[in-house]
Amino acid sequence: MVYLNEDIRAKEVRCVGDDGENYGVISKDEALDLANKQGLDLVLIAPDAKPPVCKIMDYGKFRYQQEKKQKEAKKRQKVIEIKEIKLSAKIAQNDINYKIKHAMNFLEGGKHVRFRVFLKGREMANPEVGVELLNDVYNSISDVCDKDSEPKFEGRYVNMLVVPKK
């Protein structure tokens, strides 16, 4: 919560100007008069200090610049998209090749790909089958990607994440 001008409750404040000039400890009314003469706002920036610290500034301009910085930071953010490809432990080789072809398209598009092998029933007793399958898949596509994580057993799934090569 930002306190401006008359919303400030303290009787005395340490006042700092917009240009860095220090006015010292003065009453709130004097600080408001100084801000009004300059056509600016009195903004409480350190309410817990003794006495509280206020700054004379153009609050509207300050808020605009903050929002502008946030928008710029958001523009520079890169959103990572993860595509998921599900396999089963007893998958045929032509089905694996079909899934690998899709994974190659995703990787060439700059997306990350998570391979998941779902283990059903008795397959849960032997999760190494899923790990072997994922290692075989990685060996087939290792020229266009790097392993981000080794195949690991999580619940009923064996997962592996691959990322495009730089």
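The following conversation goes through some features of this predicted model and the reasons for the terms used to describe them.

Biologist: What makes S5 and S6 a pair of strands?

Modeller: Two strands count as paired if there are at least two bridges between them, and strand S5 (residues 82-88) and strand S6 (residues 112-118) are joined over seven bridges in the parallel sense, so the term applies. Within this pairing, Ile 82 stands opposite His 112 in S6. From S5 the chain passes through helix H3 (residues 93-108) to reach S6, in a β-α-β crossover that is right-handed.

Biologist: Why is the contact of Glu 84 and Arg 114 called a salt bridge?

Modeller: The term asks for a side-chain nitrogen of Lys or Arg within 4 Å of a carboxyl oxygen of Asp or Glu; for Glu 84 and Arg 114 the distance from N to O is 3.5 Å, and therefore the pair qualifies. In the whole structure, a search finds six salt bridges.

Biologist: What makes S1 and S2 a pair, and in which sense do they run?

Modeller: Strand S1 and strand S2 (residues 22-27) share five bridges in the antiparallel sense, whereas at least two are needed for a pair. Val 13 stands opposite Ile 26 in S2, and in the hairpin of S1 and S2, with five residues between the strands, Gly 20 has a positive phi near 95°.

Biologist: Which residues form the patch of negative charge on the surface, and where do they come from?

Modeller: The patch gathers Glu 12, Asp 29, Glu 30 and Asp 33, and Asp and Glu are the residues counted as negative. Helix H1 (residues 28-38) supplies the largest share, three residues, while Glu 12 has its place in strand S1 (residues 12-16).

Notes: Residues numbered from 1 in each chain as written. Predicted model: local features only at pLDDT ≥ 70, side-chain atom pairs only at ≥ 80, totals over all residues. Heavy atoms only, no water. Helix = DSSP H or I, 4+ residues; strand = E, 2+ residues; numbered from the N terminus. Right-handed = clockwise from strand over helix to strand, strands pointing away. Patch = residues over 30% accessible without salt bridge, like charges linked within 9 Å, V, L, I, M, F, W, Y side chains within 5 Å. Areas by Shrake-Rupley, 256 points an atom, 1.4 Å probe, with all protein chains shown as cover. Charge placed at Lys NZ, Arg CZ, Asp CG, Glu CD.
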